[in-house]
Amino acid sequence: MRVALKLSILFISAVLLLPANFVFASTTVTDVYDQPSSLKVSTSSNHRFVFTTSVAIPAADMITITFPSGFDLTSIIEDDVDISDDGIDLTTASDCTGVDQVGFSVSSQSLIFEICAGDGGSIVLGSEVIIEIGTNASAYGSGTNRITNPAGAATYFIWLTSSTNDLFGSVPLPIVSDDDGNVSLSIPASSGGSSPGGGGDDPSPEPEPSPEPQPEPSPEPEPEPEPSPEPSPEPEPEPEPEPEPEPSPEPEPSPAPGSDDGTTSSDLGSGSEVEQIDRSIQTEIRVGDKQIVLADDQVIPDSVVDIIVTVGDSSIVESVVAIVDDISYGLIGIGDGKYEGLVDLSDATQPLTIVVSYTDGQTETLVREFSGISRGLVFEKIDNQQTPIEGAVIIVYEGQGSDRVQWGAMSYGQVNPIITSSSGAFAFYVPNNIYTIHVGKSGYGDADVVVNVSNNILRASIELIRLPAEIVVEEPSGAVDEVIQPAIGTIVNIVETIDDVRNLPLVQAVADISKPVAIASVITAVGILSSSFNLLTFLRYLFSSPALFFARRKKKRIGTIYNAITKIPIDLATIRLFDQNKKLIKTTVSDRQGHYIFKAHPGIYTIEVKKAGFVFPSTYLQGKITDVLFTDIYTNGVIEVKEDNVLIAANIPIDPSDADAFHTPKKLILKRFLRLFLHSLAIFGLVVSIVIFIIQPSITTLAFVVLHSLVYLVVAILTHWHKKKGWGIVADASKSKLLANTVVRLFEPAFNRLIESTVTDAKGRYAFMAGPNQYFMTFERPGYEKQEVRPIDFSSNKEPDVISVDVSLKKVGN
């Protein structure tokens with residue numbers, strides 16, 4: 001057998017022979033292990049995960065199995081997985097819309113199992129859960145595809161987590177260049193296995209202890225008798241008995257096997273030299289997704305850290321175990337005498353004990369003490385006491401002043417920005433550097449704190465000052481009559497004054513002149529609304545909205561028109577239904593949530609969608625039937641209806657247009673000007689119509705008031721600027737001046753698609769709404785250098801959120 005193959009089998013056997021009560025990352029799941037069909041690099045493999053739940057998994061929870069990069073999961077579909085609960089197979093589907101118990105999906109490197117609500121799929125405490133992936137999935141799947149192993153030989157950690165409780169664990173998987181050798185990945189049923197021979201039928205671990213007895217029968221004792229004049233009686237017969245010291249007259253060969261002085265009995269050199277065994281132990285603690293090595297023994301409470309133990313002579317090491325708070329963690333050999341594993345330091349006051357067991361029966365122990373460092377705190381002072389603030393937004397920047405940039409926390413397995421919990425506490429593992437912590441919350445003044453980090457832990461105590469509330473002065477109850485009586489008198493005087501003014505000939509003439517002005521303002525507003533703000537589409541929507549209203553009341557299925565890239569629903573989109581002869585059957589308009597619905601008779605139909613600034617059909621999602629937030633999507637093709645009065649309600653994505661007509665700075669600024677102009681015109685017309693009605697009260701002038709009220713309402717709806725939860729700010733880097741009319745564009749990086757453009761307002765503000773996807777932004781303004789912000793990763797978001805990044809632009813030439 002080749003040496004490389006032998007070493008690989010020894011390594012894997014050492015992993016499998018760890019005691020059965022050891023865990024690899026967390027005690028929230030017990031007996032978790034994986035049984036792959038192959039450990040060879042670049043080979044397709046089945047997987048069989050088995051674990052026992054230490055917490056219940058309720059309905060609507062999600063079990064996620066995350067593979068490291070390098071594993072290829074792209075071919076895995078719902079038919080390639082099975083899941084069972086205490087031996088009972090659970091039914092699976094691609095989502096939870098039906099009656100199946102588990103919905104399965106693949107997201108990047110994660111396999112997601114959603115426990116469907118109301119279908120009896122919840123898993124109780126203490127259940128044994130088995131998940132099979134690949135051709136071994138035969139209960140409710142056909143099992144035709146498998147997961148491909150990485151191309152590089154190494155030990156990989158596969159993570160198992162849940163979304164709403166404390167289910168958490170990991171499984172180490174050693175991928176080797178050649179796994180021929182009949183090595184099984186089953187965890188031994190016995191709780192023993194501390195000896196190297198615990199595997200029984202696996203011969204590979206046995207050769208390790210064999211070098212110790214070999215020196216006795218070796219021919220090396222022959223040089224010993226050189227000073228003696230009788231070389232003949234010493235040679236071959238002498239090595240047979242093991243108690244050499246008694247028959248031998250020489251005092252030199254005294255060390256016995258396994259002696260307590262830290263040496264071996266092997267005499268590999270000449271004369272009486274004895275080889276020393278290096279039993280030294282060194283530890284290294286890594287945090288921040290293994291990117292940061294802690295120099296000090298200070299850790300954040302509740303941390304899960306990566307421990308790397310380096311031993312002196314690994315050739316006779318049987319096992320390396322880390323112990324914290326009476327919990328044992330088996331470490332996995334990664335080569336060069338190094339052993340690695342994840343350890344939960346929830347109680348940072350407990351010491352870390354490293355125990356190295358050797359095949360000669362000896363053990364070495366190293367104890368490392370930690371000091372839990374308190375987290376930072378966001379607080380306000382109430383009665384001179386620090387009171388934690390919940391819901392404060394914390395953003396961490398590298399550097400300070402105008403040179404600071406937002407810290408890339410994702411590279412270190414963390415999130416930036418974060419929102420404080422009820423404890424108000426926070427802390428980050430960071431590379432040693434200077435950082436600026438920006439904290440803000442509505443109702444409080446913002447705070448910036450500069451911190452120089454030297455122990456890889458970023459924290460600070462930050463006080464927010466509550467902004468003063470408006471003071472309402474209440475009149476004493478005894479003064480009510482004194483206030484009411486003058487008010488009534490004032491109203492009477494106003495009415496009498498209006499009657500006097502109304503009878504003036506000049507005022508009547510002004511009212512006559514104002515009527516054409518009021519009519520002209522209505523016509524102008526209607527014209528601008530029709531050409532630039534979808535007035536006709538809005539009127540069509542008013543006639544189709546009752547159908548949607550009653551469909552919601554009866555909880556019927558409703559389709560959604562949405563942006564294919566940002567996943568944001570699109571209102572006032574025109575949807576047309578055609579039969580197979582291209583004859584228009586029905587037309588409807590989507591509401592504010594992008595909803596629409598058709599009721600159709602048996603036949604074959606197609607759908608067409610039109611909306612200014614968008615393109616149908618979508619090329620971005622062409623050919624797909626599911627999306628991140630939507631299922632049953634329609635991108636083109638025919639819809640066949642076989643029964644009468646069937647609801648057609650497919651989810652339809654449409655692509656944002658990148659035509660210049662929607663993204664040039666002039667068009668963007670003109671659109672904003674028209675919005676402000678229409679608001680002013682609508683208010684002016686309404687005020688004029690009310691004045692005319694007061695001067696010349698009649699049915700005609702009352703009709704003017706009603707008409708202008710309707711115009712104002714329509715203008716408010718169609719030109720309404722949707723307020724965002726937060727704003728991004730664009731400022732001058734040198735003067736900290738807010739920059740208006742900066743063109744901000746949002747892109748999708750995979751195809752470099754321009755999604756949306758806007759310009760900053762007079763306060764330099766802007767914002768975009770976007771759903772699960774990857775994005776980047778550009779900022780342009782005449783006289784300033786163009787700036788680009790990437791990446792913006794919203795792919796893990798469950799719902800659309802605001803994209804808003806504060807940006808400082810530098811002037812050209814500075």
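How many disulfides does the structure hold? In this predicted model, the structure holds one disulfide, and the pair that forms it consists of C96 and C116, whose sulfur atoms lie 2.0 Å apart. The two cysteines come from separate loops, C96 from the loop between β7 (92-93) and β8 (102-107) and C116 from the loop between β9 (110-115) and β10 (128-133), so that the bond ties together parts that are 20 residues apart in sequence. The disulfide is left-handed, because the torsion about the S-S bond of C96 and C116 is about -80°. With regard to accessibility, C96 is partly exposed, having a relative accessible area of 25%, whereas C116 is buried, with a relative accessible area of 1%; buried here means that the relative accessible area is under 20%.

Elsewhere in the chain numbering, an open sheet is formed by four strands, which follow the order β19-β18-β22-β23 and pair in an antiparallel manner.

Strand β18, which comprises residues 317-324, is joined to β19 by four bridges, and the two strands run antiparallel. Within this part of the sheet, I323 stands opposite S328 in β19.

Methods: Residues are numbered from 1 along each chain as its sequence is written. This is a predicted model: local features need pLDDT of at least 70, side-chain atom pairs count only at pLDDT 80 or more; totals for chains, interfaces and linings use all residues. Side-chain values use heavy atoms; hydrogens and water are left out. A disulfide is a pair of cysteine sulfur atoms within 2.5 Å. Buried means under 20% relative accessible area, exposed over 50%, partly exposed in between (1.4 Å probe, protein chains only). Two strands pair if DSSP finds at least two bridges between them.
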